[in-house]
Amino acid sequence: MTRGKRTQTPALEVRLLREGLVESTHRAQAVVCDNRGRVLSVAGNPETSTFIRSALKPFQALAVTTTGTLERYNLNDRDLAIICSSHQGRIEQVRQVFHILWRSDVDPSALQCPVPEGAKSPLAYNCSGKHAGMLAVCQQRQWPLTSYLQYHHPVQKLILSQVADLMKMPGEELIRAHDDCGAPTYFVQLRQMASLYAQLASGDNLAMERIVRAMTHHPNLVAGEGAFDTELMRLSQGELVCKSGAEGVECIGRIGEGMGIAIKVMDGAKRAKYAVAIHLLKQMGWITPSVSETLSEMFMKLSSFKRLEVIGELSML
């Protein structure tokens, strides 16, 4: 890392090399914050704004962990992990989503997320766990089930309030839009995302600590075998919690240290965000050389002829 006084530094460049020659490039920005919201290091502009997308899910899950819903319906850490997930629709994952609905006495037809192509039920949609969690809260609070995705619904107001409190800003100032699954997502700065994950990983909040425990103990439910989030949490053995978001978003928290990193690939490329994450985690010493090598083989070596490399580094402020 290099030291500097600027709050904006050179962005990162991800290169696709075909037998050593540059074929394509992606531009990425990243920021590291502590759990007080202070920017510690940056590549690019920490105030770059984008939709947090599915990286919001651990914080949407607070509606489940803070309302007595887990206790009311005897939900477990596997249920909480799938609530935070962007799963692959595998049988184990779909059954876990169904388990939440069954325990809370909600019919699967209440799910308002899409039905994936080739599937027969919205249970197979990658956000179905989040939707099941929202419905469980609604059932526990006796809130309407049919309108749970609308901005004015009590469960969405609860989530908005909790996220705004963590960001130390009025909820009405948060810009919202509907994600592809129909649930609200928020338009926030990279530094705010990084601070959220620093708080998630700090161990200072029991409700968030349980979410972290569920995700790190059951990483196979959070994404799936061979997926970046699952493999990073499995290989880091409880030291990191992470969640991807669509359009080039990746957020990671270092457990017990109150530090978080947020990454945005500006053209939305999934392959590039994983390369940036590996590059920066290695640079910061958050993963061991052996874990870095394993992840690089999985996510940076694309074939015998193609690989990704990342140019640039974080600058400390």
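Visitor: Which residues is Ala136 in contact with, leaving aside its neighbours within four places in sequence?
Guide: Leaving those neighbours aside, Ala136 is in contact with Thr69, Tyr73, Ile100 and Ser104. Please keep in mind that this is a predicted model.

Visitor: Where does Ala136 lie?
Guide: Ala136 is part of helix 6.

Visitor: Is Ala136 buried or exposed?
Guide: Ala136 counts as buried, because its relative accessibility is 0%. The cut-off for buried is under 20% relative accessible area.

Visitor: And how far is Ala136 from Glu209?
Guide: Their C-alpha atoms are separated by 20 Å, and the two residues are 73 places apart along the chain.

Visitor: Ile100 was on that contact list. Which residues of helix 5 and helix 6 meet?
Guide: From helix 5, Val97, Ile100 and Leu101 take part. On the side of helix 6, they meet Ser128, Gly129, Ala132, Gly133, Leu135 and Ala136. By class, this contact has six nonpolar, three polar and no charged residues.

Visitor: How do the axes of helix 5 and helix 6 run?
Guide: The two axes come within 9 Å and cross at roughly 10 degrees. Helix 5 and helix 6 are therefore roughly parallel to each other.

Visitor: What about helix 6 and helix 7, at what angle do they pack?
Guide: Helix 6, residues 128-141, and helix 7, residues 154-167, pack at an angle of about 110 degrees, and their axes are 10 Å apart. The two helices are therefore roughly perpendicular to each other.

Visitor: Is the crossing of helix 6 and helix 7 left-handed or right-handed?
Guide: Helix 6 passes helix 7 in a right-handed crossing.

Visitor: Which residues meet there?
Guide: Met134, Val137 and Cys138 in helix 6 meet Val155, Gln156 and Ile159 in helix 7. The residues of this contact divide into five nonpolar, one polar and no charged.

Visitor: Which residues of helix 7 are buried?
Guide: The buried residues of helix 7 are Val155, Gln156, Ile159, Leu160, Gln162, Val163, Ala164, Leu166 and Met167. Among them, Val155, Gln156 and Ile159 also meet helix 6.

Visitor: How far does helix 7 reach?
Guide: Helix 7 has 14 residues and reaches 20 Å from its first C-alpha to its last. That is close to the 20 Å expected at 1.5 Å a residue.

Visitor: Changing topic, how do helix 12 and helix 13 cross?
Guide: Their axes come within 10 Å and cross at roughly 165 degrees. Helix 12 and helix 13 are therefore roughly antiparallel to each other. The crossing of this pair is left-handed.

Visitor: Which residues make up that contact?
Guide: In helix 12, Tyr274, Ile278 and Lys282 take part, and they meet Ser292, Leu295, Ser296 and Phe299 in helix 13. These residues divide into four nonpolar, two polar and one charged.

Visitor: Which residues of helix 12 are buried?
Guide: They are Ala272, Lys273, Tyr274, Ala275, Val276, Ala277, Ile278, Leu280, Leu281 and Met284.

Visitor: Why should helix 12 span 21 Å?
Guide: Helix 12 has 15 residues, and at 1.5 Å a residue these should span 21 Å. The expected span is 1.5 Å times one less than the number of residues. The end C-alpha atoms of helix 12 are 21 Å apart, which agrees.

Visitor: What comes just after helix 12?
Guide: Gly285 follows, with a positive phi of about 80 degrees.

Visitor: What about loops? Where is Asn74?
Guide: Asn74 is in the loop between helix 3 and helix 4. Although Asn74 is not a glycine, it has a positive phi of about 55 degrees. Asn74 is exposed, because its relative accessible area is 53% and exposed means over 50%.

Visitor: And where is Glu247?
Guide: Glu247 is in the loop between strand 8 and strand 9. Glu247 is not a glycine either, yet it has a positive phi of about 60 degrees. At 46% relative accessibility, Glu247 counts as partly exposed.

Visitor: Last one: what is Gln88 in contact with, beyond its neighbours within four places?
Guide: Gln88 is in contact with Gln93, Ala223, Gly224, Glu225 and Ala227. Gln88 is found in the loop between helix 4 and helix 5, and at 37% relative accessibility Gln88 counts as partly exposed.

Key: Residues are numbered from 1 along each chain as its sequence is written. This is a predicted model: local features need pLDDT of at least 70, side-chain atom pairs count only at pLDDT 80 or more; totals for chains, interfaces and linings use all residues. Side-chain values use heavy atoms; hydrogens and water are left out. Helices (H or I, at least four residues) and strands (E, at least two) are DSSP runs, numbered from the N terminus. Buried means under 20% relative accessible area, exposed over 50%, partly exposed in between (1.4 Å probe, protein chains only). Axes are lines fitted to C-alpha atoms, for helices over the stretch in contact, and angles run from 0 to 180 degrees between N-to-C directions. Angles under 35 degrees count as roughly parallel, over 145 as roughly antiparallel, 65 to 115 as roughly perpendicular and the rest as oblique. A crossing is left-handed if the near helix is turned anticlockwise from the far one by less than a right angle, and right-handed if clockwise. Contact means heavy atoms within 4.5 Å. Ala, Val, Leu, Ile, Met, Phe, Trp, Tyr, Cys and Pro count as nonpolar, Asp, Glu, Lys and Arg as charged, and the others, Gly among them, as polar.
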